[in-house]
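I open these notes with the packing of side chains and the pairing of aromatic rings. The structure consulted is shown below.

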Amino acid sequence: MRHTIGFYGAGNMAQAMIAGLLNAGFYQKEEIYVYNHRYEPTLKKVEEEYEVRAISEEKTLFEQTDLIIFAVKPAVLTQVLPQIKKYLTKEHLLISVAAGVSIRQIAALTGPQKIIRAMPNTPATIQQAMSSISPNELVPSEQTQFVVEVFNSFGKAKVVSEEVIDAVVGVSGSAPAYVYLFIEALADGAVSEGLARADAYEFAAQAVLGAAKMVAETGKHPGELKDEVTSPKGTTIAAVKALEENNFRADVMKAVEAAAKKNHEMSKDT
Ligand SMILES: NC(=O)c1ccc[n+]([C@@H]2O[C@H](COP(=O)([O-])OP(=O)(O)OC[C@H]3O[C@@H](n4cnc5c(N)ncnc54)[C@H](OP(=O)(O)O)[C@@H]3O)[C@@H](O)[C@H]2O)c1
């Protein structure tokens, strides 16, 4: 069954998803409804740029659509759910992309409802998101599959149990930031060795993109790919040794754990 789609919130995440749906041809612009708590500047921009249906009444969003993606900050989500509860029917499928707000917390504010918690990341803006999809027990499997296709339209999506969502935040939700640090550091190293700054970013970014594609597209273990490029007494093994001496892998693992821990703590606070 095809769902009518609506967004509650029109910020960065909503815009990334709207762009993805339109670029993929998954929905036509007149089929997408977007509500925001005020028209200017965000909703106006979205209406002008994407030519979707901008609406200013919450009630209209829930009358016109049955699949609603909440793309507001976690504190806003818990504030608005009690006020929109009166518009909900059992047909509505609610999707939250808010960090740190559990399905149980959402259901406590809406009552029994079909709920999916999704965790995309910012490369959604260029249709390269990695998203997790966690449905509650009320969501039929064909509707979960539909939502996976919606999220696939702006990247890649996978169904996981909500229990592992903290790990997802650590490995993909927050990960673009650590990869940016890595790219910046690679480029700084190259600049230190004499490469022009702009060239250094271009070389570093393409090296990371290419390596990521090697992992994703060959299906080979990352260790095997590393072995293939480290020749005896060569340059690459010298660099790998320098990283290992400075606990590179342990540091990255700690970063993932820190993001996961923070997400877990946020779920307890909201
Ligand atoms: N950005 C990411 O990397 C990322 C990744 C995964 C998940 N998320 C989640 O996505 C959600 C949205 O993030 P975002 O980056 O899209 O945020 P954002 O750009 O700040 O957008 C937030 C939206 O909420 C609206 N809003 C603000 N205050 C409101 C209120 N009191 N009542 C109703 N609506 C209100 C904003 O409208 P105005 O602009 O008009 O104020 C805007 O449309 C967050 O929960 C975040 O955890 C984000």
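Is Phe248 buried, partly exposed or exposed? I looked up its relative accessible area, which is 32%, so Phe248 counts as partly exposed. I note that the model is a predicted one.

I next examined the ring pair that contains this residue. The ring centres of Phe182 and Phe248 are 6.0 Å apart and the planes stand at 40 degrees, so I record the pair as tilted. Phe182 belongs to helix α8 (residues 175-192) and Phe248 to helix α12 (residues 248-269); the two are 66 residues apart, and the pair links distant parts of the chain. Phe182 is also partly exposed, at 33%.

I then turned to the aromatic pairs in general, and found eight in the structure. In one of them, Phe62 and Tyr87, the centres lie 6.1 Å apart with planes at 20 degrees; planes under 30 degrees apart count as stacked, and therefore this pair is stacked. Phe62 sits in helix α3 (residues 58-64), while Tyr87 sits in the loop between α4 (74-84) and β5 (93-96), so the pair ties together parts 25 residues apart in sequence. Phe62 is buried at 3% relative accessibility, whereas Tyr87 is partly exposed at 23%.

Finally, I looked up the nonpolar cores. The largest has 36 residues, and Ile5, Phe7, Ile32, Val34 and Phe151 have the most contacts inside it. Helix α1 (residues 12-23) supplies the largest share of this core, six residues. Apart from it lies another core of 20 residues, including Phe62, Val80, Leu88 and Ile103.

Definitions and conventions:
Residues numbered from 1 in each chain as written. Predicted model: local features only at pLDDT ≥ 70, side-chain atom pairs only at ≥ 80, totals over all residues. Heavy atoms only, no water. Core = buried A, V, L, I, M, F, W, Y, C linked by side-chain atoms within 4.5 Å. Buried < 20%, exposed > 50% of the residue type's maximum accessible area, 1.4 Å probe, protein only. Helix = DSSP H or I, 4+ residues; strand = E, 2+ residues; numbered from the N terminus. Phe/Tyr/Trp six-rings, centres within 6.5 Å; stacked < 30°, edge-to-face > 60°.
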